[in-house]
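Hi,

Here's the structure I promised to send over.

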Amino acid sequence: MLLCIHVPGFAVAVTRTREVWNAMLDALDALSPLVDDLVEGTTYLDMRGIDGAPGDWVRRAHGVLAEFGLPLRVGIAANKFVARAAANVRDGCICEPGGERALVAPLPLDLLGLDPPTLERLHLFGVRTLGELAGLPHGPFVRRFGRAASLWHAHACGVDPEPVFPRARELQIDASLYGEGTAERAEQVYFALRLLVERVCRDLSRAGKAAALLQVTLECENGDVRVLQVGLVRATSDPHAMLDVLRAKIEGASFGAPISGLHLRVARLEEGGTPAALFACGEPDPQAVAVALARLEAVLGASGSRARVVPARRVEARFVYDVFLPPASFAYDALAEPAAPSAVPQLRLLAVREIDVVLRGNAPSFVGSPPRVVIDCAGPWRIDEGWFDTPVARDEFDVLLEDGALYRIYRQGERWYVRGVYD
Amino acid sequence: MALAILSATARSEAFQALKASLDMRSAALVEVEAILPSGFAELDRALCGGLPRGGIAILEGDPSSGRMAIAARFLAQATARGLAAAVDDGRLYPPDLARAGVALERLLVIPAERPLEIARAADILLRSRVFGVVLLPQAPLRTALWSRLRDLAQKAAALLLVVGTQAESDLASFASARLHCTIERVSWTGAPGPFCELAGYEIGARVLKRRRAIPGTVVRVRALAKRGDAL
């Protein structure tokens with residue numbers, strides 16, 4: 001027997017619906033180990049083998065969920081559709097085995113969740129209740145309404161082949177140390193952290209999982225609580241790699257009082273295991289990259305990034321920086337050669353500053369102060385963009401000066417600026 | 001079984017010959033792996049194969065001297081086979097690095113401007129032992145710091161590539177290789193005007209220091225541009 005619990009208007013009545021719904025499902029574990037979480041607001045419990053009569057189950061369900069203070073409708077039947085229909089008929093409705101078709105017969109077609117055009121077509125055929133639908137011959141009805149009509153007809157007959165899908169248990173892996181004295185030196189904290197990491201990694205290995213995000217909570221003696229989120233570039237269950245990253249993160253933190261409690265939790269789990277490659281020994285270790293990134297962030301306050309070229313008109317807008325993630329596959333081609341067959345002039349961006357320029361015709365002839373003679377010049381290249389918010393209109397030039405230096409300069413309005421130098 | 005029927009002396013000789021052969025092969029392998037070539041035959045010849053991994057190499061020259069064009073080439077070589085890192089003092093221009101063949105997704109960029117930050121970044125990057133080349137702007141660091149960075153580069157078998165104007169005496173003494181660059185000839189795509197572009201330049205790279213290389217050897221490297229800035 002299946003027990004259906006329906007909370008009418010759940011999404012409207014509750015804020016942070018997912019959290020509340022998870023809490024309700026957790027509470028329902030007291031009723032049955034097999035709880036189906038298909039839609040927020042409606043759940044099915046497989047009650048086979050559970051002690052008590054159906055009436056007791058209804059009372060228990062109300063008792064378990066009473067703390068949430070939400071209106072409930074409970075129905076019991078042999079399958080999901082009829083159990084849901086029973087809950088729709090009235091709270092506590094119990095459909096005895098064999099009475100499914102009779103129970104759903106007077107109910108409207110809306111229960112099938114049909115789209116309005118189909119519903120209208122059925123109404124035109126004079127079909128308004130599930131009983132009338134069940135009375136239609138199965139073959140011609142399916143031929144006329146398509147493959148999905150087979151299931152509608154089965155539902156109307158009180159049959160639902162869909163089994164209960166028990167929800168997956170959310171795995172929590174954590175470890176903590178409290179009430180065992182205080183840690184005043186960094187070494188003491190690292191020692192405690194090492195214990196926690198070993199415990200967590202043992203649990204991860206047992207579960208075949210790997211940690212992608214860790215959360216460390218440090219409680220100080222003066223009541224301060226510091227929560228650090230530590231991301232791992234690649235999910236791992238290796239204690240050394242995990243400890244290195246955690247150490248690197250904690251190195252940059254300072255605390256006002258001795259630490260009296262430590263809690264380490266895996267905030268994001270991924271499936272564990274690494275495919276072993278035959279020739280992978282020369283590849284960079286992703287965990288070493290993760291440790292380096294964490295240390296850079298701790299020491300410099302900025303993690304590393306990687307550049308990406310984007311199409312743009314202005315020189316300084318032609319690239320952006322993204323978070324550095326080493327390639328998922330480190331299968332480097334040992335024979336790969338760079339694409340460029342020759343060296344390429346490299347522009348070096350300089351801090352934009354105003355410069356003096358003397359023109360001859362429309363081209364620069366002297367640049368800077370003291371003025372340096374322009375030997376050669378290319379340009380102007382007009383850049384005119386951003387007219388809709390911050391207009392930029394400028395003429396860019398490449399100039400070769402008498403001392404051999406190559407500069408990128410530009411004129412904006414009546415003023416001249418230096419943008420970069422070729423190196 | 002074949003060894004069992006040999007006399008003890010013959011067995012020892014056969015073992016020694018095998019050992020010598022293996023040593024020779026592994027030495028050749030180490031020699032190849034220990035040097036990062038630029039990919040330019042003439043420059044590599046002048047540098048006895050390229051720049052040595054496990055040490056500091058300095059590219060010296062004026063701000064506009066072609067140092068970065070050569071540095072970009074080494075970064076391209078490094079990112080073709082693994083990861084590289086660049087400490088950016090705000091002057092890095094990634095689109096030109098990409099044109100030079102640098103795989104930007106394998107280049108870690110660390111923003112650091114102050115000397116101590118640059119040193120710390122280099123320290124962490126070298127300690128990680130995953131970056132084949134670490135590009136660094138020259139910074140006024142204490143002798144002890146350069147010494148430590150050199151040791152770290154050696155342990156990590158990484159090339160610490162320093163781009164600067166002129167190496168100070170202590171840095172110059174720690175460096176395994178020094179190159180001085182100048183732009184010798186600049187070429188344009190046409191007559192001055194809006195349809196003219198920088199076509200490229202020729203870099204004169206003079207070897208100042210490199211084991212087994214002839215100091216003072218000048219190599220010319222061409223840097224060719226195809227920028228598409230002109231309208």
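Chain B and chain A bury about 5400 Å² between them, and 63% of that area is on carbon and sulfur atoms. Keep in mind while you read that this is a predicted model. In case you wonder about the unit, the size of an interface is often given as the accessible area lost when the parts come together. On the chain B side, B:Tyr93, B:Ile124 and B:Trp188 supply 12% of the area buried against chain A, more than any other three residues. Counted by contacts, 67 residues of chain B touch 59 residues of chain A.

What about the polar side of things? The rule finds 16 residue pairs in polar contact across the interface of chain B and chain A, with both partners at pLDDT 80 or more. It also finds 1 salt bridge across that interface. A:Asp423 and B:Arg67 form a salt bridge through their side chains, at 2.6 Å from N to O. Several elements of chain B give two or more residues to the side that touches chain A, including strand 4 (83-88), helix 4 (94-99), helix 5 (115-128) and strand 8 (177-188). Helix 3 of chain B makes the largest share of that side, with 9 residues.

Is B:Ser128 buried or exposed? Its relative accessible area is 13%, under the 20% cut-off, so B:Ser128 counts as buried. Leaving aside neighbours within four places in sequence, B:Ser128 is in contact with A:Ala288 and A:Ala292.

Now for the cores. The largest nonpolar core has 60 residues, and those with the most contacts inside it include A:Leu406, B:Leu43, B:Leu97 and B:Tyr201. Helix 3 (residues 67-81) of chain B gives the largest share of this core, 9 residues. A second, separate core has 42 residues, among them B:Ile110, B:Ala158, B:Ala172 and B:Phe174. As background, nonpolar side chains tend to be buried together in soluble globular proteins. Coming back to B:Leu43, its contacts beyond four places in sequence are B:Ser38, B:Ile70, B:Leu179, B:Ala205, B:Val219 and B:Val221.

Last, the layout of chain B: the domain assignment gives domain 1 (8-34) and domain 2 (38-224). The centres of domain 1 and domain 2 of chain B, taken over C-alpha atoms, are 36 Å apart.

Cheers

Conventions
Residues numbered from 1 in each chain as written. Chains lettered and ligands numbered in written order. Predicted model: local features only at pLDDT ≥ 70, side-chain atom pairs only at ≥ 80, totals over all residues. Heavy atoms only, no water. Domains from an automatic or database assignment. Core = buried A, V, L, I, M, F, W, Y, C linked by side-chain atoms within 4.5 Å. Buried < 20%, exposed > 50% of the residue type's maximum accessible area, 1.4 Å probe, protein only. Helix = DSSP H or I, 4+ residues; strand = E, 2+ residues; numbered from the N terminus. Contact = heavy atoms within 4.5 Å. Buried area = accessible area lost by both parts, 1.4 Å probe. Salt bridge = Lys/Arg side-chain N within 4 Å of Asp/Glu carboxyl O. Polar contact = N/O pair within 3.5 Å; in protein donor to acceptor, adjacent residues only side chain to side chain.
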